[in-house]
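This briefing covers the model shown below.

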Amino acid sequence: MTGFWNIFGIWAAALLTIGIVSFLYRDNPVYKFCEALFVGISAGYWFVSLYYQNLLPKLFDNLGFTKMLGFSQDDGALQLAFRGQYDVRIWYILAGVLAIMMLLRLVPKVGWISRWPLAVVVGSTAGLYMITYFQSNFLSQLQNTVIPLVDMGRIKGLEGLASGELTADRFFAAYLGNLVLIVGTLTGLVYFYFSKEHKGALGSAAKIGIYFLMITFGASFGYTVMSRMSLLIARLYFLFGDWLGII
Amino acid sequence: MQRLFQILLAIDRRIIFLVIFLALSVPIFLHLKIDIDVTREVQIFYDAIEALPTGSRVLVSCDYDPGSEPELQPMAETGFRQMIKDHIKFAIMGLWPQGPMQANKALAKINEVREGFIVENGDTLAFGRDLIVVGPDTIRYGRDFINLGFQAGNELVIQRMGSSVAAAFPNDARYGRPIETYPIMNGLNKLSDFDFIYNLSAGYPGTVEWVQFAVDRFHVPCGAGNTAVQAPQVYPYLDTGQLTGLMGGMKGGAEYEKLTGFKAKATMAMVSQTAAHIFVVLFIVIGNLAYFMTRGKGQRKGLS
Amino acid sequence: MKREIPLMLTAIIGLTFFVQFFVPHRPMGFLTDMFSDWFSIIAAAAIWLGALNLLRVSLEKIYKKDRDWFFAAVTIASFLLIVIIGFFFSSGRSFQEPGTKFDWLYINIYTPLMATMFALLAFFVASASYRAFRARNAQATVLLLAAFVVMLGRTPFGDWLSSLVFLPKGWGISNLSNIVMNYFNVAGQRAIMIGIALGTVSTSLRIILGIERTYLGGD
Amino acid sequence: MRMKKALSYISLVAILPLLTWLVHERERPGSTIAGPYDLSSINTPGDVQGSITINWFRIPGDQPTGATATAYRLLRSTSKDGQFTEIASIDFGQPGPSQQSRQFRDTTAVLANAYFYKVISEPEGTPLESNIAGPVTSVAQSSEAGATAMLDEILFPPTQLRAFDTPNDDGRSITLEWKISPNDVPKSGQFNGYEIYRRTTSDGPFEMVGDATGGETDLERHVKIFGDGHGVKNGVAYYYYVEAKFNGQRAKSNVAGPVKAREQWFHTGRAVSLVLLGILIASILYFINQAKAGKKLFIRKIAGLEAVDEAVGRATEMGKKVFYIPGTQDMDNVQTIAGLTILARVARLTAEYETKLEVPVAKSLVMITAREVVKEAYLNVGRSDFYSDDMVYYLTDDQFGYAAGIDGLVVRQKPATIFYQGAFYAESLILAETGNSIGAIQIAGTAMPAQLPFFVAACDYTLIGEELFAASAYLSREPKLLGSLKGQDIGGKLVFLSLAIVIIIIVTVAAFSSPDMISQVTKMFEVH
């Protein structure tokens with residue numbers, strides 16, 4: 001891209017940035033315009049990149065439409081099929097049919113047919129999630145919750161340290177870490193246990209649990225703030241640096 | 001006193017907008033330098049990459065869009081720098097369509113030679129496109145790195161890569177050729193042929209999916225850079241060792257830059273970041289003070 | 001036709017993925033691979049559908065002279081712009097390489113718009129922390145305190161503070177925030193995580209067995 | 001009754017750990033765990049004199065630099081089960097060719113004699129024996145292969161190559177394991193990886209099938225693992241060797257094989273998953289049927305729900321409106337659906353109290369459903385005359401537009417109570433803040449981890465994650481929801497808790513008695 005386009009680009013970006021920020025004063029036409037632009041551009045972006053990166057190589061190349069249209073030399077499954085050879089890629093035909101069914105949702109009369117591809121999507125995710133969530137979020141977590149109450153290894157490790165090296169983290173990890181992990185996880189689980197009234201021991205466990213959850217939320221609160229702020233900072237760097245060049 | 005607090009409570013939010021704007025802008029011009037300390041989780045990630053033998057192959061999955069560029073882009077750049085320095089080959093992909101473009105952006109950023117080309121046994125190699133030059137090292141597209149591009153299907157894509165990478169990504173994103181034609185891909189058939197996965201994630205699909213499929217099913221170690229919003233939710237995976245290192249938000253990026261010694265954006269922004277945090281804390285404290293002063297803790301008419 | 005076949009498809013495909021996890025033997029692998037390929041293409045079609053649907057809705061707005069029909073027109077125009085550029089003026093399959101026109105749009109229009117959209121949140125967080133986040137009960141108080149620890153602990157300012165109150169190095173707020181993140185946060189998140197896992201398993205189970213049909217929509 | 005419950009629980013606690021212990025995969029099938037030292041011996045390459053070099057791996061206590069309190073005793077014999085005589089004693093704490101390995105060169109070996117070696121040391125007083133390496137014969141070599149005697153310039157081959165069918169797969173893959181060459185040290189510029197060669201018949205030509213980088217894959221067992229999936233056919237016998245490359249030199253390992261690839265019917269590593277997942281699934285289905293059969297399933301009271309009545313009541317007292325925000329997501333989101341069952345409750349109350357209710361939505365589908373829900377609620381309490389369709393209205397699909405719209409409504413109409421029930425994203429902040437600024441009572445409910453903190457901090461009551469679903473199950477009384485909730489409690493959380501408690505006790509005891517037992521126990525739950 002030529003110099004002009006670079007400069008033009010930076011100005012465009014800057015003006016759009018300001019346009020969006022104007023929302024802070026109040027909802028206004030300029031913001032609405034930028035928003036509409038954004039919606040259109042991102043939809044178009046997905047449209048294009050999905051064609052080139054998915055439909056074209058996976059569907060049209062594999063089936064051989066690209067060759068029929070003369071855009072490529074190598075055979076697709078269809079060409080081979082016509083020559084009576086079986087090619088595993090022939091199954092993509094079904095995928096193509098399902099994809100068309102999906103698009104048919106645009107036609108109210110036959111829209112219901114889009115339930116078939118939807119069923120494929122829902123079915124596959126359901127089948128996979130059942131396993132993966134159980135493995136990664138249940139078993140693995142169980143494996144790392146069933147740990148000794150105190151970590152003897154780490155405690156031994158502390159002895160080797162010089163006075164300066166003994167930090168709060170290390171000390172905590174050795175003596176309280178496991179305990180906190182175990183108590184926090186189990187009581188938190190008790191809080192989400194709905195089949196029994198939270199009375200007596202169960203009740204107090206649940207109470208501890210909720211406070212663990214609150215600390216957890218506090219942590220993500222802090223991190224979310226961190227995240228949002230950094231986004232703004234970056235925009236400021238763009239405005240003051242790349243655009244105005246005053247830093 | 002009461003009056004003051006009432007006034008405080010009544011301020012228009014736009015004034016607060018203005019305050020925070022200044023709070024973040026001013027530090028930018030001060031050019032302060034601050035030192036940050038490196039947290040364990042970032043250290044683990046850095047060490048994991050360093051420990052990879054030369055010539056190992058890393059899968060870099062960029063699962064984010066410009067919305068979280070400020071947090072993840074620095075990590076991407078630093079990651080590429082470190083891998084190039086250690087002569088580690090990498091394949092770029094994305095479960096978000098914008099990911100591969102962000103990766104291109106990062107490579108363009110760290111590349112030092114932008115003009116010219118060389119001819120190597122027949123084919124012309126353009127700098128900045130086929131050749132990326134970083135310090136003493138030059139990496140070549142197709143041999144040292146490749147951009148597989150984006151693929152629709154979220155975790156199903158990972159699942160598919162488990163049995164065949166070429167099936168999930170028929171063509172590369174740069175030239176649209178079948179990926180088997182590139183030397184970097186030989187002996188690289190399944191996901192498990194990768195030595196490490198570097199995942200930059202801003203949500204779904206992202207680190208959670210990589211852990212559940214790539215790590216727990218196909219046993220490829222995975223380190224991640226996350227937006228700060230998401231980071232706390234994947235910490236448990238770090239504790240279980242399902243994640244090999246984690247960088248959270250701009251701070252994580254800055255720590256990583258400190259370790260590798262490539263000071264850049266994230267480090268610069270830490271001053272404003274600090275200011276931001278201080279102000280948010282102040283806001284909450286003042287707000288609560290004013291609130292309870294004017295109401296009195298007891299007769300808050302709310303529930304609870 | 002309208003319900004039976006989808007339900008059957010869901011059941012068959014769901015079970016295939018489930019069984020393949022325990023039975024590596026053929027043909028399970030082949031089947032799951034095939035279904036994954038279908039999934040990827042259907043997913044792409046679904047996103048196309050979304051885009052086309054957006055066009056339809058916007059066109060309706062213009063046709064009906066809706067209150068903000070003009071913005072609908074902007075949406076359509078920008079959509080067509082990037083699609084035409086992407087298809088015809090950006091060197092085909094390498095459309096997203098540095099230097100193409102498509103790339104220019106991405107960097108100079110798409111990126112700033114999106115990035116700024118999210119940057120707005122910084123302002124809202126600020127004002128919300130001033131006007132909304134109240135230590136209205138013990139729980140909220142604990143939450144906010146934890147938040148303080150993390151926010152300050154993740155910046156050099158935290159250590160500076162703790163040095164003010166004569167905390168030795170290595171025993172300051174930043175270390176506390178590490179402890180919060182690595183132990184308290186992990187414990188809590190883990191409890192939530194397990195809950196989510198169980199919920200997901202039961203939902204998936206219901207879907208596969210056809211007990212859960214809401215995803216098919218009302219008839 | 002109580003007795004029965006108690007018994008069943010006890011049996012659960014007792015049986016579960018046993019069951020998991022029985023079914024879990026003890027060791028990786030096919031591969032064999034190498035003993036301490038892992039001794040291997042070769043005829044020293046490039047030594048004109050002819051000598052035998054013995055490599056082994058350090059045992060705990062022997063660091064490259066450190067105390068030399070104990071030493072390795074190297075023994076040699078001419079027959080495997082014959083008399084071993086000590087030929088050397090090698091101190092601990094000496095540098096070796098790599099961080100993990102030690103090396104000794106036996107120059108006293110008679111040429112063309114076959115020898116066996118073993119190493120013994122007493123790290124903690126008790127003698128620890130290595131495997132027996134050999135037979136190996138030393139052969140004097142022509143000086144071509146770099147007659148230099150400097151060990152670090154001679155390439156030693158990878159040793160103890162094992163080849164076996166890759167376990168738990170659909171065949172077409174062979175796994176190789178070998179001891180890395182002593183020259184294969186991390187970040188060495190000279191060592192450039194391994195090449196893997198294969199042949200199909202015991203005498204056919206070997207061809208290269210792949211290459212591997214240096215370094216160990218399994219640090220516990222000190223082996224490099226390589227999976228060969230390069231055109232492997234099931235049931236065909238293959239032979240392999242591995243060749244190491246080290247600036248110019250190459251060294252072959254022993255030949256492994258014959259080995260055949262097979263496909264397995266069951267993934268043995270996943271038996272534990274099958275058992276525990278089975279329990280969960282069974283209990284979910286069981287309780288769904290119970291609920292269907294009309295059995296009353298108990299659900300504890302949820303604080304947030306109690307608050308609903310109170311909050312609506314207050315709105316009535318103040319004669320103000322009640323707002324209900326179902327979130328920005330569509331009907332395909334479980335949280336939105338769960339939220340709508342709570343809307344039904346709210347609508348019933350507003351109908352009874354004759355309080356005004358407003359439901360601004362962001363998706364047309366949600367609007368349609370919400371209208372049905374509210375209408376039905378008003379019908380049920382016989383107040384259909386108070387219902388009108390414009391209680392539920394569509395604002396805009398766009399996230400921030402929606403937030404801005406509600407902002408305006410709330411500021412203008414000052415509702416006394418606002419509900420946020422469903423899936424929320426960043427807009428949660430803006431909503432909660434505005435509601436708070438007009439002093440409305442706010443009750444939120446969502447399972448969005450990133451948004452929950454803001455709701456908890458800014459609202460009077462929040463249904464946290466699962467509570468939202470529990471609440472909707474409780475209100476809707478739908479068997480499938482109630483059943484799954486109960487099933488998750490019993491088959492999931494209860495199982496987790498009991499397993500955890502039992503095993504935590506075991507490992508805590510182990511931590512003081514025999515630490516190495518801990519990993520063995522927790523290994524039960526390892527995912528494969």
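Is D:R172 buried, partly exposed or exposed? D:R172 counts as partly exposed because 18 other C-beta atoms lie within 10 Å; the cut-offs are 20 or more such atoms for buried, 12 or fewer for exposed and anything in between for partly exposed, with C-beta atoms placed from the backbone.

The model is predicted: local features need pLDDT of at least 70, side-chain atom pairs count only at pLDDT 80 or more, and totals for chains, interfaces and linings use all residues. Residues are numbered from 1 along each chain as its sequence is written, while chains are lettered from A and ligands numbered from 1 in the order in which they are written.

**Chain A**

- Chain A has 9 helices and 0 strands, where helices (H or I, at least four residues) and strands (E, at least two) are DSSP runs numbered from the N terminus.
- The radius of gyration of chain A is 29 Å, whereas a compact globule of 247 residues would have a value near 18 Å; the radius is taken over C-alpha atoms, and the globule rule is 2.2 Å times the number of residues to the power 0.38.
- Along its principal axes, the C-alpha trace of chain A spans about 75 × 60 × 45 Å.
- Buried residues make up 54% of the 247 in chain A.
- Among contacts in chain A between residues at least 6 apart in sequence, 29% join residues at least 24 apart; a contact requires C-beta atoms, placed from the backbone, to lie within 7 Å.

**Chain C against chain A**

- In this interface, 108 residues of chain C are in contact with 101 residues of chain A.
- On the side of chain C that touches chain A, at least two residues each come from helix 1 (4-22), helix 2 (28-63), helix 3 (69-88), helix 4 (101-131), helix 5 (138-153) and helix 7 (173-208) of chain C.
- Helix 7 of chain C gives the most to this side, with 26 residues.
- By class, this side of chain C has 79 nonpolar, 22 polar and 7 charged residues; Ala, Val, Leu, Ile, Met, Phe, Trp, Tyr, Cys and Pro count as nonpolar, Asp, Glu, Lys and Arg as charged, and the others, Gly among them, as polar.

**Chain A against chain B**

- Here 36 residues of chain A are in contact with 42 residues of chain B.
- Helix 2 (29-63), helix 6 (115-143) and helix 9 (200-243) of chain A are the elements that give two or more residues to the side of chain A that touches chain B.
- Helix 9 of chain A gives the most to that side, with 16 residues.
- The classes on that side of chain A are 19 nonpolar, 15 polar and 2 charged residues.

**Nonpolar cores**

- The largest nonpolar core has 345 residues, of which C:I42 and D:V346 touch the most other members; a core is a set of buried Ala, Val, Leu, Ile, Met, Phe, Trp, Tyr and Cys residues joined through C-beta atoms within 7 Å.
- Helix 9 of chain A supplies the largest share of this core, 22 residues.
- Another core, of 26 residues, lies apart from the largest one and includes D:F156, D:A163, D:Y238 and D:F246.
- Leaving aside neighbours within four places in sequence, D:V346 is in contact with D:V308, D:V312, D:V322, D:Y324, D:L357 and D:F419.

**Domains of chain D**

- Chain D is divided into domain 1 (1-29 + 267-296 + 479-528), domain 2 (31-153), domain 3 (155-265) and domain 4 (312-477), with bounds from an automatic or database domain assignment.
- The C-alpha centres of domain 3 and domain 4 of chain D lie 63 Å apart.

**Confidence in chain B**

- Chain B has a mean pLDDT of 90, and 97% of its residues reach 70 or more; pLDDT is the predictor's confidence in each residue, from 0 to 100.

**Backbone geometry**

- Most residues other than glycine have a negative phi, and most peptide bonds are trans.
- The peptide bond from B:Y204 to B:P205 is cis, with omega near -10°, and B:P205 lies in the loop between strand 8 and helix 8 (207-215) of chain B.
- C:R26 and C:P27 are also joined by a cis peptide bond, with omega about 0°; C:P27 sits in the loop between helix 1 and helix 2 of chain C.
- D:N168 is not a glycine but has a positive phi of about 55°, and its place is the loop between strand 9 (159-165) and strand 10 (174-179) of chain D.
- With 19 C-beta neighbours inside 10 Å, D:N168 counts as partly exposed.
- D:R172, not a glycine, has a positive phi of about 55° and lies in the loop between strand 9 and strand 10 of chain D.

Definitions and conventions: Contact = placed C-beta atoms within 7 Å.
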